[in-house]
Structures are given as C-alpha cells and as structure tokens.
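Subject: Structure for your review

Dear colleague,

Please find the structure below, handed over for your own work. A written account of the findings comes after it.

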Amino acid sequence: MKINFKKTYKFAIKSALYISLFTTAFVLMLMSLFYKNQLKHQVAFGIIFIIVIYIFSFLVLQYRVERFIYRRVKKIYDEVSLLESTTLINQPINTDMETLSREVKKFATDKKLEIEMLEIREQYRREFLGNVSHELKTPLFTVQGYVSTLLDGAMDDKHIRKKYLKRAEKGVERLIYIVEDLDMITKLESGDLDLNMTDFDIVELIQNVFDLLEMKADKKKIKLAFESKNVQSVIIRGDQDRIQQVLENLIVNSIKYGKEGGLTEVGVVNLTKKKVLIRISDNGEGVEKQNIPRLFERFYRVDKSGTRSEGGSGLGLAIVKHIIEAHKEKVYVESEFGIGSEFSFTLEKAFKNQKTDVKKS
C-alpha cells in the first residue's frame, strides 16, 4: 500500500534558525575583534552570512530528517498497516512525533476495545451454544428414552404404550415450541418479521390473557388482577398478536417464579398524551442485582444448576425485548431478591385515543 506523507518543516526551520543565529553572532564577534573600524562591511557580511548559513542548515537538516526520521515513521506505519487499520492507514501520515504518538495510541485503544468486544461475543457464543444444546437435548433424550422402551417390548402393554406415547408427544411439543421461538427471535433480530399495526384496547387484551392463563395460575393458587379496580380502557397502536405474546410471556414468567398463593398484578399507567406504561409485578422470588442486566439474553438462566423446575424455551424475555423494540418502545425491569419483580414496557396510544385525551383535558 502506498503511503502519502504529510511532511512538516517546523523542526528544520527552527533548527536552522538557531544554528544561523549562533554562527552569525560568533563570526561577527570575531570580526569585531580583528576588524574594528569596518562596521559597514561587518553588517553586509553578517546579512549574507546568516542567509547562506540558514539555507544550508535548513537543507541539510531537512534532508537528514527525511532520510532518518521519515523512514522510521514510514516503517512504523507499514507495520501498523499489516493490521489493516482503515482508520489509521487511509489518511495522510504526519511525521510530527506528537501527532504520530496520538494516532498510534488511539489505534491501540480502538484495537483493545475490539479485542474485548470479540472476547465478550465469543463468551456469549459459547454460552448460547451450550444453552441451545441443553434445551434441545432434554426433550430429545426424553423422546428417545420412551421410544426405546416401547421398542424393547413395552409396546405390548396397552396402558404403558399409551402413557409413554403421550409423554413422548409432550417432548416433541416442547421441541417444536423451542424451534418456533428460535425462528421468531431470528426473524425479529434480522427485521424480517413484519408488524401488523392496528388500534386495539390494551385493557381488554390484558383481560383476555388473564382468561387464557387462569388455569395455569390456579395450579399455584396465584391471583391475576389489575392494580386498579376502576381501570379504564386505553386504545393502543401496535401489533395486537405480538403485544399479546409479550403479555403472555411476562405473566407466565411471573406465574413460574411466583410464590404459591401469591399475586400477579398488571397496571396500565398514562405516562403522557402519547404514551402508556404497562407493568407486570409479582411477589415472587425476585432476581439478584447482578443477574438483572442479562435477563433478556437468549437462554440466560439465573439458576446455574443446569436444571429447570419449570418448562419453557428460555427465549420468552428475549422475544419480549425484541417485540417491544420493534415497536420502537422500551422495556424495563426492576427486581429485589426475595421480594418480587416488576417488568414494564411503553406503548404508543392510538391517534383517536390521543384526541379524546386532549378533549378531556
């Protein structure tokens, strides 16, 4: 790669000036000692002498700088260019040492950050692959175990055959559930999933989700309720099916990790004339502070034991995050270990709803 130098003459100019002044002053001092009565000749000689010495010094110094310093600077850039730093190579090179040091230091800092990011991504990749393997092998081994038992002779017993086939079916259903969630989150991350934006009542949708999950909550004697008894309908603009999925995932999550006989509450708060906040809170086991930043990662488990007391694909919160961000909104989480958790997200009100709010105010 050809490198274009941005040469500086500051060093040669200053150095030549110092040499010229010193040499001229010294020569004039000698002349004043030997030629005391020839002041005019001394001045003329001094002017000519300083110009000649200055030009000579400048040329010699600049030549030496180019030969000595520029070559070494070029060597540094050539070595750096092997790392293909587009931010450092694709610009004129300044031979000023301070500028060079600053550029190389910036280059080294950027590379250090890139290496750290690559290490984080590599660690995340290893964790992700390990988690995918764990999530898939559990139902796979379950199905394999029941099928192998049936093939080994248990098929002859009708009661065992029916029971084992049902259990194998549940394992296949979980596999399908995981694969479907993986497919959805891949589409969400790549932007291939189109949102069907409509106007709908968020309070009515929440009540529908309560009805769907009522039996699941009853198994743990968990009560599903609104924070306020007099909650009013709010018309939202968004993809109704996706928002329902968000609500289901968050409420199911609160049921899974909620205390038996506990409470899951959903609040609908008018933040502004354009925004509404939906929050889902529970009095479950909560999450330790150091685990909160990673809750929305795919397959991230707070429980590191490698076992799950509850089912699920491990992608629920990651899907929630991507759906809300696809709506250009934010999702939040607050949790205190041993006390409970609160997940919340914002949504945009429908235009008709906004006009109604303006009239009321």
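Predicted model: local features only at pLDDT ≥ 70, side-chain atom pairs only at ≥ 80, totals over all residues.

Residues are numbered from 1 along each chain as its sequence is written, and side-chain values use heavy atoms, with hydrogens and water left out.

Overall composition

The protein has nine helices and nine strands; helices (H or I, at least four residues) and strands (E, at least two) are DSSP runs, numbered from the N terminus. Of the 361 residues, 37% are buried, where buried means under 20% relative accessible area, exposed over 50% and partly exposed in between (1.4 Å probe, protein chains only). The protein exposes about 23,500 Å², of which carbon and sulfur atoms supply 57%; accessible areas come from the Shrake-Rupley method with a 1.4 Å probe, and for residues only the protein chains shown count as cover. Among contacts (heavy atoms within 4.5 Å) between residues at least 6 apart in sequence, 74% join residues at least 24 apart.

Helix α8 spans residues 316–326, and its buried residues are L317, A318, I319, V320, H322, I323 and I324. The elements that cover them include α5 (158–190), α7 (240–256), β8 (331–336) and β9 (340–349).

H322 belongs to α8 and counts as buried because its relative accessibility is 18%. Leaving aside residues up to four places away in sequence, H322 touches I185, L188 and E189.

Two helix pairs

Two packed helices are described by the angle between their axes and the distance between the axes. Axes here are lines fitted to C-alpha atoms, for helices over the stretch in contact, and angles run from 0 to 180 degrees between N-to-C directions.

For α5 and α8, the packing angle is about 30 degrees and the axes are 10 Å apart. α5 is therefore roughly parallel to α8; angles under 35 degrees count as roughly parallel, over 145 as roughly antiparallel, 65 to 115 as roughly perpendicular and the rest as oblique. α5 passes α8 in a left-handed crossing, meaning that the near helix is turned anticlockwise from the far one by less than a right angle, whereas clockwise is right-handed. D181, M184, I185, L188 and E189 of α5 make the contact with A318, I319, H322 and I323 of α8. These residues divide into six nonpolar, one polar and two charged; Ala, Val, Leu, Ile, Met, Phe, Trp, Tyr, Cys and Pro count as nonpolar, Asp, Glu, Lys and Arg as charged, and the others, Gly among them, as polar.

The axes of α6 (residues 202–219) and α7 come within 10 Å and cross at roughly 40 degrees, so α6 and α7 are oblique to each other. Their crossing is right-handed. In α6, I202, L205, I206, V209, F210, L212, L213, K216 and A217 meet Q240, I243, Q244, L247, E248, I251, V252 and I255 in α7. This contact has 13 nonpolar, two polar and two charged residues.

Two lysines with positive phi

K221 is not a glycine, yet has a positive phi of about 55 degrees. K221 lies in the loop between α6 and β4 (223–226) and, at 61% relative accessibility, counts as exposed. K328, also not a glycine, has a positive phi of about 60 degrees. K328 is in the loop between α8 and β8, and its 74% relative accessibility makes K328 exposed.

With kind regards
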